[in-house]
Structure formats: structure tokens, C-alpha cells
Amino acid sequence: MRAYCGHELGNLEAFALESVDTPTPADGELLISVEVTALGFVDQLVMRGLYQIKPPTPFVPGGEIVGTVEAVGQEVSGFAPGQRIAAWQFGGGLAEMAIVRQDHAVPVPADLEPAAAASLLLDYLTALLRVVRSRGPQTGAIALGHRSIRRRGRGGGPACQCRVSERDWLGFNR
């Protein structure tokens, strides 16, 4: 399989598309065929070596992942091969296949676009938090989230928009 790997943080030239072995899921893990990966600010900070967490190398960026379950490890429940899922984790998504912990995965409805599913994991919450912190509790406020969504074989585009409701404010005020 192919993955976009970096062998040195802080040097973007050290990241390239490579052929790597397909991973095998361990206990509690899913192997997914990646359909869409969202890339954002944290990804570029990690790649440039500027994030507070320094992952081991080789590092594969992309933490907001949507794909189809190909295999499950032991002790996995609630997920099966052929099921479409979304997951948020610290990297691994810029690859044809990715390992995802089952406790980081959620099912994706068939009628939800993959780019929307990937953006909902973090972008929606980030946009909502931005509205809450910058504007205060104003029902009807709008925030846009933009991130590069990598679709297999295609470029990126806008990811999400959120409109704040009274219910959203109640959740933030707890």
C-alpha cells in the first residue's frame, strides 16, 4: 500500500509518498480502507516539528479519517468488515489503509458525504467553539470551518459551516 510518510519532523522535504506494508489490526483495532482524510493546522505543526507532541517517525499525517472497515482485531465489537466509519486520531490517515482504535471510531450513515463526515469530527466543534469564545452566546451566529479535505485522487475544499442554536449554548455552559 502507499502512505505519505515523514522520516524526520521539521523537514517537509522528508515527507513523501512511499510503498509500505499493510498493517494488521491488533486487539481493539480496525483496519480501514481510507476514503477521505482531513488535514489541518495540527497536521502541519506536527510535520514541521512545532507541535507539543513529537510522534515517532516514520509519521503519517492525517487524523480525521473516513473509510471502510477491511478487517477487525480481536476484542472488537460493534464494527464489521464493509462498514463505513469515521475516526479522529493522531495521524495515520494519509495512506491507502489505516489502523484505527475502535474507541476512536463511529459509524457513518450511508447518506453522509465522506468529506462532511471527516469535517464533523473536529472542524464543526472548532467552529462552534470559535463562535462561543469570540461572539458570546448569540443564537443564530455562524462560523465557517475550512480545511483541506483529501479525497482519494482529488484535491481539497471547504469543510463545514455551523449555525449556533440555543441547545449548543446550553451544552457549552455546563
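This note goes through the cores, strand pairing, ring pairs and salt bridges of the structure above.

1. Basis. This is a predicted model, in which local features need pLDDT of at least 70 and side-chain atom pairs count only at pLDDT 80 or more, while totals for chains, interfaces and linings use all residues. Residues are numbered from 1 along each chain as its sequence is written, and side-chain values use heavy atoms, with hydrogens and water left out.

2. Main core. The largest nonpolar core has twelve residues: L30, I32, V34, I65, V69, V76, F79, I85, A87, A98, V100 and A105. A nonpolar core here is a set of buried Ala, Val, Leu, Ile, Met, Phe, Trp, Tyr and Cys residues joined through side-chain atoms within 4.5 Å. Buried means under 20% relative accessible area, exposed means over 50%, and partly exposed is in between (1.4 Å probe, protein chains only). The elements giving two or more residues to this core are β3 (29-39), β4 (64-72), β5 (84-88) and β6 (97-101). The biggest share comes from β3, with three residues. Helices (H or I, at least four residues) and strands (E, at least two) are DSSP runs, numbered from the N terminus. As a general background, nonpolar side chains in soluble globular proteins tend to be buried together.

3. Contacts of L30. Leaving aside residues up to four places away in sequence, L30 touches P25, V69, A71, V72, V76, F79, I85, A98, I99, V100, Q102 and A105. Contact means heavy atoms within 4.5 Å. A second core is separate and has seven residues, including V36, A38, V108 and A117.

4. V69. This residue lies in strand β4. V69 is buried, at 1% relative accessibility. Its contacts, not counting residues up to four places away in sequence, are L30, L31, I32, A80, P81, G82, Q83 and I85.

5. Strand β5. Four of the five residues of β5 are buried, so the strand is largely enclosed by the rest of the structure. β5 pairs with β4 in the antiparallel sense, over five bridges. Two strands pair if DSSP finds at least two bridges between them. T68 stands opposite R84 in β5. Three bridges also join β5 to strand β7 (residues 105-107), again antiparallel. There, I85 stands opposite P107 in β7.

6. Ring pairs. There are three aromatic pairs. Rings of Phe, Tyr and Trp (its six-membered ring) pair if their centres lie within 6.5 Å; planes under 30 degrees apart count as stacked, over 60 as edge-to-face and the rest as tilted. Y4 and F15 are stacked, because their centres are 6.0 Å apart and their planes are at 25°. The pair links distant parts of the chain, with Y4 in strand β1 (residues 2-6) and F15 in strand β2 (residues 15-19), eleven residues apart. Y4 is partly exposed at 29% relative accessibility, whereas F15 is buried at 5%.

7. Aromatic cluster. Which residues do ring pairs link into a cluster? They are Y51, F59 and F90. F59 and F90 form a tilted pair, 5.9 Å centre to centre with 45° between the planes. F59 is in the loop between α1 (41-47) and β4, and F90 is in the loop between β5 and β6, 31 residues apart. F59 is buried, with a relative accessible area of 6%. F90 is partly exposed, at 33%.

8. Salt bridges. The structure holds three. A salt bridge is a side-chain nitrogen of Lys or Arg within 4 Å of a carboxyl oxygen of Asp or Glu. R2 and E96 meet at 3.1 Å, N to O. R2 lies in strand β1 and E96 in the loop between β5 and β6, so this pair ties together parts that are 94 residues apart in sequence. R2 is partly exposed at 44%, and E96 is partly exposed at 26%.

9. The other two bridges. E35 and R84 meet at 3.3 Å, N to O. This pair links strand β3 with strand β5, 49 residues apart. E35 is partly exposed at 29%, while R84 counts as buried at 17%. R101 forms a salt bridge with D103, with the closest N and O atoms 2.6 Å apart. R101 is partly exposed, at 41%. D103 is exposed, at 54%.
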